[in-house]
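Student: I would like to learn how to read a ligand site in a model. Could we work through one example together?

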Amino acid sequence: MKKIVLLGYMGCGKSTIAQNLSKITNIPFLDLDKCIEKRANLSINEIFEKHGEVYFRKLEHEMFVELLQSSENSIIGLGGGTPCYANNHELLKGDNIISVYLKASIDTLYNRLVHNKSKRPLIANMNEEEMKEFIAKHLFDRSYYYNHAQYKVSVDDKSIEETVQGILDILA
Ligand SMILES: Nc1ncnc2c1ncn2[C@@H]1O[C@H](COP(=O)(O)OP(=O)(O)O)[C@@H](O)[C@H]1O
Ligand SMILES: O=C(O)C1=C[C@@H](OP(=O)(O)O)[C@@H](O)[C@H](O)C1
Ligand SMILES: [Mg+2]
């Protein structure tokens, strides 16, 4: 049983890269947010709206533990906040877990998120100026947790294929 866990800030490409890495390696891919949505039968936005963030973090922790406990090999794309709550960063140290931080600059994140914010409740209602400031501060706060990953891959100015190759090099 081997788990390849991708982590990093919103928009760094966890979901996209996990899916593409899965195609090449034939290791099944699971997106933690998608698993939560399926379990709750609600979208991430609806969970935040109806039940609040604290409830979301509880579901997120439970689902993360569950995915790590399964006996299957898998590539798991986390949510941006997953390592930052409920001591989830400690779970990254587990046996058979390969954790990879997809590290992106504030500019890369801003450029990817500015037109892709509606499904991300933490930034959905921000204007462009607020968003840039928020990402800068939030990324700084969260970096402590992201740096618990075993490996780091820089994603700035890289195509999807190049980032996937960076992870394949780590796995080789
Ligand atoms: N080189 C790239 N690598 C990954 N994502 C990219 C790249 N270029 C553009 N994108 C886009 O950036 C967004 C990344 O979002 P997503 O994969 O959902 O990230 P996360 O799951 O980390 O929030 C997607 O819309 C994707 O199409
Ligand atoms: O950073 C965060 O706290 C969040 C990131 C989202 O996942 P992505 O990083 O895949 O957008 C999702 O889990 C939720 O909106 C909260
Ligand atoms: Mg995602």
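Student: How many Å separate a polar side-chain atom of Asp-33 from an oxygen atom of ligand 2?

Tutor: Keep in mind that the model is predicted. Pairs of N or O atoms within 3.5 Å are read as polar contacts. Here the Asp-33 side chain places a polar atom 2.7 Å from an oxygen of ligand 2. For Lys-14, a polar side-chain atom is also 2.7 Å from an oxygen atom of ligand 2. Gly-80 takes part through its backbone, with a polar atom 2.8 Å from a ligand 2 oxygen. On its own, ligand 2 has 380 Å² of accessible area, and the protein covers 95% of it.

Student: Which residues are the closest to ligand 2?

Tutor: The ligand is surrounded by 13 residues, and the closest are Lys-14, Asp-33, Arg-57, Arg-120 and Arg-142.

Student: Is Gly-80 buried or exposed?

Tutor: Buried means under 20% relative accessible area. Gly-80 has a relative accessible area of 10%, so it counts as buried. Its place is the loop between strand S3 (74–77) and helix H5 (88–91). Beyond neighbours within four places in sequence, Gly-80 contacts Gly-8, Tyr-9, Met-10, Lys-14, Arg-142 and Tyr-146.

Student: Why is Asp-33 called partly exposed?

Tutor: The class runs between the buried limit of 20% and the exposed limit of 50%. Asp-33 is partly exposed because its relative accessible area is 21%. Asp-33 belongs to helix H2 (residues 32–40). Leaving out neighbours within four places in sequence, Asp-33 is in contact with Ile-44, Phe-56 and Gly-79.

Student: Where does Ser-15 lie, and what does it contact?

Tutor: Ser-15 is in helix H1 (residues 14–25). With neighbours within four places in sequence set aside, Ser-15 touches Phe-29 and Asp-31. Ser-15 is partly exposed, at 34% relative accessible area. Thr-16 is in helix H1, and Thr-16 is partly exposed with a value of 36%.

How values were computed: Residues numbered from 1 in each chain as written. Chains lettered and ligands numbered in written order. Predicted model: local features only at pLDDT ≥ 70, side-chain atom pairs only at ≥ 80, totals over all residues. Heavy atoms only, no water. Helix = DSSP H or I, 4+ residues; strand = E, 2+ residues; numbered from the N terminus. Buried < 20%, exposed > 50% of the residue type's maximum accessible area, 1.4 Å probe, protein only. Contact = heavy atoms within 4.5 Å. Near = heavy atom within 4 Å. Polar contact = N/O pair within 3.5 Å; in protein donor to acceptor, adjacent residues only side chain to side chain. Areas by Shrake-Rupley, 256 points an atom, 1.4 Å probe, with all protein chains shown as cover.
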